[in-house]
Amino acid sequence: MTAPSLSVCPAPEAPPQEHKAPRAAPLPTAFELNALTIAYGTIPVLRGVTCRIPEGAVTAIMGPSGCGKSTLVKALNRTLELTGGARVTGGKVMFHGQDLYASSVDPRAVRKAVGIIHQRPVPFPMSVLENVLFGAAFHSEIDGGDRTAYARRYLDRVGLWDEVKDRLGDRAEQLSGGQQQRLCLARTLATKPKALLLDEPCSALDPAATRHIEDHVRDLKRDFPVVIVTHNVAQARRVSDYVLFLYEGALIEAGPAEQIFTAPASDLARAFIAGQFG
Amino acid sequence: MIPPRSAGCDVGAVAAPARGGRADGLLRLGCWTALATVALTLGALVLLICHEAWPAVSSPEKLWTLLVGQDWAPLLEPPRLGIRHAIVSTVMVTALSLALAVPLGFGIGLFVAELAPRWIRSLLQPCFELLAGIPSVVYGFFGYVTLVAWFERYGHMATGESLLVASIVLAIMVLPFIASVSGEAFAAVPEGLRQAAYSVGVTRWHVARRILFRAAMPGLFAAVALGLARAVGETLAVLLLAGNSTALPTSLLDRGQPLTALIATELPEAGVDTAKYHALYAAGLVLLVLTGIINLIVWRLKGRIVVGHGGGG
Amino acid sequence: MSSLVAPLRPAVINADRLYVGLGWLAGAIGFALPLSIVGYLLIEGVGRLSWDFLLLPPMGYPLGTAGGIAPAILGSLALVGLGLVIALPLAVASAVGLSEYADPAGMAAKTMRFATESLAAVPAVLYGLFGYTVFVVFCRFQISLLSGALTLGLVMLPIILIGTHAALQAVEFELRESVLALGVSRAHAVRRLFLPRVLPSIVAVTVLAAGHAFGSAAPVMFTASVAYARGVPALDAPVMTLPTHLYYIVSEAIDLEQAYGTALVLVLGLLCTNVLALLLRRWLER
């Protein structure tokens with residue numbers, strides 16, 4: 001192994017699945033990034049990232065602070081452009097074969113199809129029930145059915161129903177931090193997305209709440225691809241099937257979690273996993 | 001937002017357009033219309049004043065006559081329509097009121113930022129708002145029953161109105177603006193700077209004099225400019241207090257007629273499209289230019305303040 | 001006793017003491033000035049207030065030496081009310097447009113912001129000039145409630161616009177991001193989340209703008225007001241207003257008694273709007 005250069009972009013066809021589960025067929029691709037380049041104004045933040053994110057698996061995007069993880073993940077559902085000055089300056093993001101940034105594509109449709117949970121829980125200033133139903137009601141997912149029953153399905157999914165079933169009318173800000181984050185998760189799931197992104201979802205939570213979220217993440221991958229951004233190596237180890245390692249805006253290494261954590265190919269990844277920098 | 005044309009043959013992941021496009025478009029249209037109306041109104045204001053003032057300023061001789069050459073005697077034959085008395089009145093009244101208000105205003109600002117305990121600070125804030133909210137005409141009335149009456153009684157003047165009285169009241173009117181903006185400017189000086197200065201053992205006055213004034217300079221300029229703009233634009237107070245004399249004032253105890261008072265007094269009697277009408281609009285143009293320049297300075301200074309202190313707010 | 005820690009020179013200490021003393025003096029003046037002015041007007045005026053004063057029109061000879069100022073109160077309220085009907089929707093819609101739909105770094109947004117702040121700084125008498133030429137003469141609305149309300153609406157517009165825009169900008173980015181990340185339209189987000197959230201600020205700034213307009217004489221002097229009117233204000237007729245009435249009484253030296261009363265009503269109006277705005281701000285911060 002020679003010392004890696006910073007602009008190594010591994011080939012998209014790095015063979016992950018063969019090592020991991022030799023009997024299972026290779027997982028289909030959910031997202032495909034092709035030389036994705038993003039800049040904030042004139043400052044480049046992401047340089048030519050090319051990789052695949054598979055269906056039915058949890059993909060962790062790892063790296064030290066400032067390496068572009070959040071930027072990458074926000075680009076996947078077009079919430080990046082909500083930040084002033086941030087633009088995709090090159091490359092493509094394909095989701096199930098569709099170019100998300102094509103001019104014919106409505107960004108709002110993308111955001112409905114690809115949900116995101118942010119670092120800090122953001123409860124809307126309304127009741128718990130209204131929070132859960134906010135996006136779903138707009139997109140007419142409920143359509144005349146029983147609103148409480150609809151909400152219950154997703155609150156159950158995140159394990160919150162028992163805790164809030166008597167407090168559906170209470171303001172969401174009154175919940176604890178962990179509960180609020182699960183509420184945000186339920187809110188996003190209620191819009192019936194086809195993929196889920198989590199941007200450091202546990203960094204503001206205590207260990208018990210963190211464990212909750214991680215359990216749900218593992219559970220959710222049965223339904224759609226889950227992409228989780230984390231700088232916590234232990235968490236990535238616990239949760240992910242597939243790992244992308246970023247450093248200073250470039251993709252250094254990509255592969256199955258097992259392989260990356262036991263035998264990373266690049267020195268940077270090895271040093272990061274060993275905790276030598278963060 | 002263009003809804004996607006073809007659904008594509010995949011899972012329909014992003015194919016279906018999101019709902020609500022029509023409401024969004026309607027709101028967007030309404031907002032842009034409102035914005036356009038506002039922009040047009042400002043444009044119309046400026047254009048109208050320029051247009052109606054044009055006949056009085058269309059040549060250098062006319063401009064000179066208007067601003068410097070002639071006095072105001074519209075009833076003579078031929079009518080004399082120079083506004084130099086108004087310009088001089090405005091300058092005198094504004095200069096004196098700022099001379100009174102700026103030192104006091106800075107003093108209050110320093111007090112609020114440096115010396116006052118928090119409970120006093122929170123009491124002073126509503127006081128400023130009170131002072132700033134009193135209508136101009138009420139200030140004029142107040143000055144009339146106090147200052148003018150005193151001058152008449154003790155100054156042995158026939159009428160107590162004068163540029164001096166107007167200046168004093170004007171100073172009170174601009175005081176809250178200068179005090180609060182300069183107070184904010186002083187408070188925005190980074191704590192680290194103060195600490196570093198105090199740590200070499202100097203007194204509070206020394207820090208204020210050598211450090212605070214310098215560091216808060218853009219904000220202080222903005223405060224003065226704000227006060228200046230208000231003083232120049234005040235109408236009713238000077239209308240009641242300055243005396244409304246069309247003679248060229250030579251001292252502060254003279255009566256005068258600032259630009260705003262000139263317009264307010266003469267406009268009702270000016271027929272549309274007469275020479276007097278255009279002259280009054282020319283006075284308005286002078287006002288507009290003055291406040292425009294001052295406003296531009298404030299705008300630029302505000303940019304400097306925010307940048308300099310890393311976004312206070 | 002060594003001179004390791006030498007005391008400062010007396011001149012320096014005295015300069016500092018003088019500074020502190022003057023500072024406190026300045027603070028005291030800053031405190032005393034508004035209180036004494038408002039206090040004076042309240043004390044002098046309260047004796048002249050009566051139900052008659054508030055409910056009757058001016059009477060006596062010359063007009064204004066007896067009776068009351070009821071038409072002026074009605075006229076001022078009508079002007080401000082109608083002006084708000086014109087200004088408020090325009091201002092809020094423009095603020096929403098600036099905040100939600102315009103590219104904040106773009107030329108259009110910057111120009112609009114400079115334009116509105118300039119508008120806010122234009123002297124009131126120029127609004128009167130504009131209103132006179134455009135509404136009274138050109139549109140042929142004559143000197144009337146309508147002309148005055150339009151002019152006054154123009155005066156209030158930039159104040160409400162700037163305040164609403166600032167409130168919308170203050171909505172936390174994370175909230176904005178989370179709402180839009182669900183794929184809802186901006187209109188939905190504005191209607192369901194942002195506007196309700198900034199409503200207290202909008203009301204507060206509207207109250208302040210209305211209070212400012214209530215006491216402004218210059219914009220209505222040549223567009224709406226007349227020395228004497230009776231009855232209920234009508235759209236196409238001139239009206240009396242409190243500030244212009246005060247001006248006429250004082251400048252024509254008619255009756256100081258009425259003047260004190262009128263000034264008091266104006267000051268009471270000011271106090272009400274200030275207190276209201278303060279209460280709203282307190283409610284905001286809860």
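How many residues does the contact take from chain B, and how many from chain C? In this predicted model, chain B gives 69 residues and chain C gives 73 residues. On the chain B side, helix α1 (residues 21–57) of chain B supplies the largest share, 19 residues. Sorted by class, the side of chain B that touches chain C holds 48 nonpolar, 16 polar and five charged residues.

Chain C also meets chain A: 16 residues of chain C are in contact with 21 residues of chain A. The largest share, four residues, comes from α3(A). The classes on this side of chain A are eight nonpolar, nine polar and four charged residues.

The next step is inside chain B. Two packed helices are described by the angle between their axes and the distance between the axes. Helix α3 (residues 84–115) of chain B and helix α9 (residues 217–233) of chain B have axes that come within 10 Å and cross at roughly 140 degrees. Angles over 145 degrees count as roughly antiparallel and 65 to 115 as roughly perpendicular, so α3(B) and α9(B) are oblique to each other. Their crossing is right-handed.

Which residues of α3(B) and α9(B) meet? Among them are B:T90, B:T94, B:S97 and B:L98 from α3(B), and B:L220, B:A223, B:V224 and B:G227 from α9(B). By class, the residues of this contact are 10 nonpolar, five polar and no charged.

Key: Residues are numbered from 1 along each chain as its sequence is written. Chains are lettered from A and ligands numbered from 1 in the order in which they are written. This is a predicted model: local features need pLDDT of at least 70, side-chain atom pairs count only at pLDDT 80 or more; totals for chains, interfaces and linings use all residues. Two residues are in contact if their C-beta atoms, placed from the backbone, lie within 7 Å. Helices (H or I, at least four residues) and strands (E, at least two) are DSSP runs, numbered from the N terminus. Ala, Val, Leu, Ile, Met, Phe, Trp, Tyr, Cys and Pro count as nonpolar, Asp, Glu, Lys and Arg as charged, and the others, Gly among them, as polar. Axes are lines fitted to C-alpha atoms, for helices over the stretch in contact, and angles run from 0 to 180 degrees between N-to-C directions. Angles under 35 degrees count as roughly parallel, over 145 as roughly antiparallel, 65 to 115 as roughly perpendicular and the rest as oblique. A crossing is left-handed if the near helix is turned anticlockwise from the far one by less than a right angle, and right-handed if clockwise.
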